[in-house]
Amino acid sequence: MEDKILFPKIGGFVHGGDYNPEQWLDRPDILEKDVEMMKKAGINSASLGIFSWSVYEPREGEFHFEWMESIIDRLYQNGIYTVLSTPSGARPAWLDEKYPEALRVDKTGLRAHHGGRHNHCMTSPVYREKVAILDRKLAERFGSHPGVILYHISNEFSGECFCPLCTRKFRTYLAEKYDHDIDKLNAAWWTRFWSHTYNNFEQIEPPFANGETSVMGLNLEWKRFTTWNTNDFMKHERDVLRSITPDIPVTTNFMRLFGGLDYRKMAPDLDVISWDNYPLFHNDQETLGDTMDETAFQHAVIRSLKRDKPFMMMESAPGLVNWQAVNKVKRPGVHKLACLQAIGCGSDSVQYFQWRKGRGSYEQFHGAVVDHLGTDDTRIFREVAEVGQLLRKIAPAAGTIVQPKAALLFDWDNRWALEDVKALARDTKKYEETCIDIWKAFFRLGMDMDVVGSDEDLSRYDVVIAPMLYMLQPESARNLTAFVERGGQLLATYCTGYVDSEQLCFLGGFPGDGLKNLFGIISEEIDSLYPSDRNGIALPDGNRWEVRDYAEILRVQDAEILGVYTDDFYAGKAALTCKNHGKGNAYYIAARTDAVSMLPLFRQMLHNAGIPVKELPDGVEYHLRSGRECCYAFYLNRTDHMVEIPGVRGVDLVTDAVIEDNLLLPAFGVAVVRTSAT
């Protein structure tokens, strides 16, 4: 296996972040000092030009790039490389004044005024033209510069536009999808209900707030179209850059498990996957460990978009942010933990928003490496510099990847369908939370899991968990069946296989599309529970798992019953089953229960798959990155006291110590232990 270092010029991990020198062009002393302090902090990369359009082009057709050239030159001369961004995420006022069609229209039909960001129409031909002109000039001016290593397209794509241009494009999109056959669309969307049949594609509108919102197929296709159209805009920018500088890779910064766009559809059109990571540290709702666990899940989502190369953490806060309900500062030691967690999860970068705090406007109090104080002796600066030193020490791990043997299935389509369906209980569907809770339970066992789509290749995995797979893609059932038949361990839950990709219910019982035979059960009913309702699942070992929110009543065909309900009219009926397929097993749990309660089941599945459980002390987080010659085990102590981890052997790159059995980690300590590749 070849190690895949993202940027050979850097030769290790990227350390840097958003730098906005255009805000300081009247202060050359500050720009000079920035470079000096970057070197002290171990910064080797800066993201430039993200919101620089009005400085590049202050008036239509009048371009100024000399200021940026001097910045890139100065950085490069000091060993700092440039991630060059396209500034399409925020438009100058002259553009909106002259070309109002570039302004987005909301779901009420109102067009936006100038201001904010991420509010342009993705369809607008004139906006695409203006973006292309600027992108081309940037590539021509800076694409051959030895300091430019990556293009960063736009910024945090989001939102939807209901303007006439987007409406027409949506109709064209639908006509092409349904072979220009309106009867085919009507059948797929079940439009005879409420007499909502369309006579032609020109009658179709997006789901305006005061329009058609009761057709589930329309709502879902609008979300799919929004992703498709956003990706089309992104590719428009990418193609301009590639036409001039095909050897410079491109990325765009994603945002957690963002609900507005299906990142899985966008990832193939990018060279590198990156995302912006802003956990809600030190909140009142959860422990630090809980926050770290969920952040590890988010890293896994991003990592899984391109599983054979590292990703990038494009933004993070070295201290605080300015937009959360309570903007709490990271406590001492937590920054290092958060950065090493990203690296352990498979990132080849630690990058920040932002390098220096601005004096005014919306983000003037958003955290930065350099505060308004302007010195390098602050706690935040010292902690960033410590991370810079640490990244240099563990540089041999760059280019290696995380290769889990277990995966959790998560589909954006499925999420959208569950959010929209008029069924179950309005406030307790919680698809995302359910997936995260199960992922975190495996994480307690030292198991990193990828997060993949139900129709993706599962050949690299031995354990797969499919929570609430309500909607089946055309290949989902065959994919899951093939996985089990080759010896895989599969667990599905309640709400599996109710509808197809058009949101039409399967006939003949759930789960549909052949999954009844895979699991050996049929779900006859699903009961939605009030918080006051009580039920449980009784296991043969005497344990009882509490049931909440949902409970399916099963008809068992040829599966083994492993657990039964304890209460209500379905007491004694099957709640947990397993059907054997050679060495493979298809488990089905018919009710929602706490993921931690299911740990014995998860352990059994891992045992069946031959995957050892990693026993860890409380508060210790573990990841493994594998390369051609070496593996790197990451241990993070998330507690305020020293912990001892037995059974660790290798060389700790952080301390250079040889570990022969027990690893001692101080409070909030980290270790990166190198061993030979297995």
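Student: Which residues line the second largest cavity?

Tutor: A cavity is a set of points on a 1 Å grid over the protein atoms alone where a 1.4 Å probe fits but cannot get out, and lining residues have an atom within 4 Å of a point. In this structure, Arg104, Met122, Gly159, Glu160, Cys161, Cys166, Trp222, Phe225, Thr226, Asn229 and Thr230 line the second largest cavity. The model is predicted, so local features need pLDDT of at least 70 and side-chain atom pairs pLDDT 80 or more, while totals for chains, interfaces and linings use all residues. Residues are numbered from 1 along each chain as its sequence is written, and side-chain values use heavy atoms, with hydrogens and water left out.

Student: How much space lies in the second largest cavity, and which helix gives the most to its lining?

Tutor: A volume is the space filled by probe spheres set on the grid points, which are joined across faces, edges and corners. For the second largest cavity the value is about 70 Å³. Helix H8 (residues 216–244) gives the most to its lining, with five residues; helices (H or I, at least four residues) and strands (E, at least two) are DSSP runs, numbered from the N terminus. By class, this lining holds five nonpolar, four polar and two charged residues. Here Ala, Val, Leu, Ile, Met, Phe, Trp, Tyr, Cys and Pro count as nonpolar, Asp, Glu, Lys and Arg as charged, and the others, Gly among them, as polar.

Student: How many cavities does the whole structure have, and what lines the largest cavity?

Tutor: The search finds six cavities of 30 Å³ or more. The largest has a volume of about 150 Å³. It is lined by 16 residues, with Pro279, Phe281, Ala317, Gly319 and Lys330 closest to its centre. Strand S8 (311–316) and helix H11 (334–344) each supply at least two of the lining residues. Ten residues of the lining are nonpolar, four polar and two charged.

Student: How much space lies in the largest pocket, and which residues lie nearest its centre?

Tutor: A pocket, in contrast to a cavity, is an open set with protein on both sides within 12 Å along at least five of seven lines. The largest pocket here holds about 970 Å³ of space. Its lining comprises 34 residues, and those nearest its centre are Phe51, Arg117, Phe353, Tyr362 and Glu363. Helix H2 (residues 53–56) contributes the largest share of the lining, three residues. Twelve of the lining residues are nonpolar, twelve polar and ten charged. Phe353 is also joined to Gln354 by a cis peptide bond, with omega about 15°.

Student: Which residues of helix H15 are buried, and where are its exposed residues?

Tutor: Buried means under 20% relative accessible area, exposed over 50%, and partly exposed in between (1.4 Å probe, protein chains only). In H15 (residues 476–485), the buried residues are Ser476, Ala477, Asn479, Leu480, Phe483 and Val484. They lie on the same side of H15 because they cover an arc of only 165° around the axis, taken from the directions from the axis to the C-beta atoms. Arg478 and Glu485 are exposed on the face turned away from that buried side. The cover over the buried residues includes strand S13 (489–493) and helix H16 (515–519), judged by contact (heavy atoms within 4.5 Å).

Student: Where is Gln489, and is it buried or exposed?

Tutor: Gln489 is placed in strand S13. With a relative accessible area of 0%, Gln489 is buried. Beyond its neighbours within four places in sequence, its contacts include Phe483, Tyr587 and Met605.

Student: How many aromatic pairs does the structure hold?

Tutor: Rings of Phe, Tyr and Trp (its six-membered ring) pair if their centres lie within 6.5 Å; planes under 30 degrees apart count as stacked, over 60 as edge-to-face and the rest as tilted. The structure holds 37 such pairs. The rings of Phe170 and Phe225 have centres 5.2 Å apart and planes at 55°, so this pair is tilted. The pair links distant parts of the chain, 55 residues apart, with Phe170 in helix H6 (residues 164–177) and Phe225 in H8. Phe170 is buried at 0% relative accessibility, and Phe225 is buried at 1%. Trp355 and Phe381 form an edge-to-face pair, because their planes are at 70° and their ring centres 6.4 Å apart. Both Trp355 and Phe381 are buried.
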